[in-house]
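Please look over the sequence and the model before reading on.

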Amino acid sequence: MRVKISKCSSVKAVFIAIFLVFAMSCTDQKTQNDGASAIEETSFLDYVNPLMGTDSEFSLSNGNTYPAIATPWGMNFWTPMTSKMGDGWTYKYDDHTIRGIKQTHQPSPWINDYAAFSLMAVTGDLKYKEEERASHFSHKAETVKPDYYSVYLADYDVVAEVTPTERAAHFRFTFPDSDSAYILLDAFFKGSMVKILPKQQKIVGYCRNNSGGVPENFHNYFVAEFDKPFEQVHTWGDEWQLNKNSTEDEGDHVGAIVGFKTKRGEAVHVKVASSFISPEQAQLNLDREIGDKSFKETRAAATEAWEKELGRMAVRTNNIDHLRTFYSCLYRVLLFPRKFYEFDEDGNIVHYSPYNGEVLPGYMFTDNGFWDTFRAVFPFFNMMYPELNGHIMQGLANTYKESGWLPEWASPGHRDCMIGSNSAPIIADAHLMGVTGFDEEILLDALIKNATVPDGRPVNSVGRAGLVYYNELGYVPYDVGIHENAARTLEYAYADFTIAQMAKSLGKDDLADAYYQKSLNYKKLFDPETNLMRGKNKDGSFQSPFNPLKWGDAFTEGNSLHYTWSVFHDVKGLIELMGGNEAFVGMLDGVFDMPPEYDDSYYGFTIHEIREMQIMNMGNYAHGNQPIQHMIYLYNYAKQPWKTQEKVREVLTKLYTPTPDGYCGDEDNGQTSAWYVFSALGFYPVAPATNQYVMGSPLFDEVKLYLENGNTFTIQAKNNGKNSPFIQSATLNGNDFNATWIGTETVQQGGVLSFEMGSTPNKDWGVAEGSEPYSLSNEK
């Protein structure tokens, strides 16, 4: 994903129980794979590499990630900065210097950061300016875990460490023998304040930097407590003006400096917290989440939080790289959306509203682009974390109450990025999956507003751009000045289907029937001459000339070959339009078989998504971006499931690795990772709001899913291996299983899904009448 070029103790007991089951299942796994031992270690965190995807830049994304040192869904993350303040690529794996460790809320380099400030240690001559203070470092002297970061700052002979909580962090700086040891707090640009309180050994202040989506009164208030008295205090003001012996500064970009005399090996601890509500709330967050805890105790709590969540899925395999990739991807799925709420002094849940600037009761979550995450991240939450998703739904209802609209890309408030109306599948899928704790009627009202009210949208990505045309013609025309019109039409049609599904579930049959009919609007863009989706003019003629390889224009970050498959809810209807199963499979095959040709004229240069498709040697299949990620699974609908199995396994093993270049495109708030996590299990949610997962090729010998309802669902793959991607047969709880889909409710009931794998396709499995997944045309 990128901004459009055109715009923009019970816990401990649970963990121990989970781990014992995991450990027992792995006791006998001592086989070797390419010299690597199989699972014998005691920590799921040992398999997570937060550096996966950090070898990225503007022109080529291998993930576009940064190492997020955080707790799952934490309000604040922390990350080392190798780049200058304000650079969305804040940590580049190939950089050689670090400028500080910052509190970050960045969901994507294309969206950039907000409410960031950093800490840095220096010794000797005082260097506080960003370029001058940067220290050389090596990955060989760097430890990067979700719960802990450590780096040796070579220019200063200092080891800097940090471990997180949800709203705070504990730093430890180990100094050399020095009369001039300093810790700097950089409050960043776009409005900041620092105040040093020497008697209390504190720095307090605020930062206001943002990239949009904030009210006028937006502040991130911070407090930093030190365990060593200050011997020197300075601040800097705008233009890096050093103000010696000053204890307070305010301006566009200010910072604080405290100095000490240190002995070699002496550790200075800094406990830091922040709040979007008030300075007092920041102190409360610090006292509540760290208080008198030692660094070791703070880290132990963060470790426990991660072990609990990662341990919800216990994998057995003799391939250590696959294990590392799986848990590194799972870590990414568990980061966003972030909690944007706090607990007041009475323990009540409250939040600063990034929509109206008020402090209000209830949940709030942010930093998510639904264009990406509706596909697999939120279905994953419904499967593994329904209580959490209930809280997220409450947060969506609060967003609607506070801004009048549902978010589509929030960071922290509404941002003008991407297209579609993808809050609909997220809300409908949660409701249909039985997620509770939120007001379904309010959210359905919000979805209907999206689909019926064209005016008053706070930004173009909220609601539906081109709504009047869509509701009158059944499509957004190509020639009326609305970019990415065909993509919008297809996504609106699927959103209409999910609205219909939710309305039907709530007994609103007339409403459901109307939106089922609207969901067939995808047919209006189907061009029978090319068997592809194509932009259509207001007068009903197809856009011409038509180049199916042209990225952008009528489509979003893709071309017609990618977006033609965006009929999630009615693949059977699309098959019929194309002339039947064989023609449909031929079109699918053609995407992979052709060379990676493209037309980038709409953008005027080769955007990174195009380059990532080009270099992967999978034809025009562009797994590095979201629109086509479900497409491999569509062979199941046309009774050739073995092609899904083969290609899914190829993507799993070729395009993902647990390394800095480990993704094949933007990771995007967990979506590209969620594709891997689901697909490695053996199934994928092609069409959220249909309560089905579609079969692929299980990667592991066994996975146990410890579900929130207390049940365990186990997926086994016998005779599995590198050259055995094909399903020969399957059983569900001991009974023959011959469908290419499994119900979400079946998974929630627990049980055992067992596959027999092989090196050649079994073309008789999964092809019987009725074995294919849901399509609206079949139901109607």
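## Charged side chains

In this predicted model, the chain carries 66 positive and 100 negative side chains, and the centres of these two sets lie 2 Å apart.

## Overall form

The secondary structure of the chain comes to 21 helices and 38 strands, and along its principal axes the C-alpha trace spans about 80 × 65 × 50 Å. A compact globule of 780 residues would have a radius of gyration near 28 Å, and because the chain has 26 Å, its value agrees with that expectation.

## Surface and burial

The accessible surface of the chain comes to about 25600 Å², and carbon and sulfur atoms account for 47% of it. Of the 780 residues in the chain, 65% are buried, a term that here stands for a relative accessible area under 20%.

In soluble globular proteins, nonpolar side chains tend to be buried together. The largest nonpolar core of this chain has 211 residues, and those with the most contacts inside it are Phe326, Phe380, Phe683 and Leu705. Helix α12, which covers residues 485-505, gives the most to this core, with 10 residues.

Which residues does Phe326 contact, leaving aside its neighbours within four places in sequence? They are Met313 and Val315, together with Tyr676, Val677, Ala680, Leu681 and Phe700. There is also a second, separate core of 12 residues, which includes Met75, Phe218, Phe276 and Met364.

Methods
Residues numbered from 1 in each chain as written. Predicted model: local features only at pLDDT ≥ 70, side-chain atom pairs only at ≥ 80, totals over all residues. Heavy atoms only, no water. Helix = DSSP H or I, 4+ residues; strand = E, 2+ residues; numbered from the N terminus. Rg over C-alpha atoms; globule rule 2.2 N^0.38 Å. Buried < 20%, exposed > 50% of the residue type's maximum accessible area, 1.4 Å probe, protein only. Areas by Shrake-Rupley, 256 points an atom, 1.4 Å probe, with all protein chains shown as cover. Lys, Arg positive; Asp, Glu negative; His and termini not counted. Charge placed at Lys NZ, Arg CZ, Asp CG, Glu CD. Core = buried A, V, L, I, M, F, W, Y, C linked by side-chain atoms within 4.5 Å. Contact = heavy atoms within 4.5 Å.
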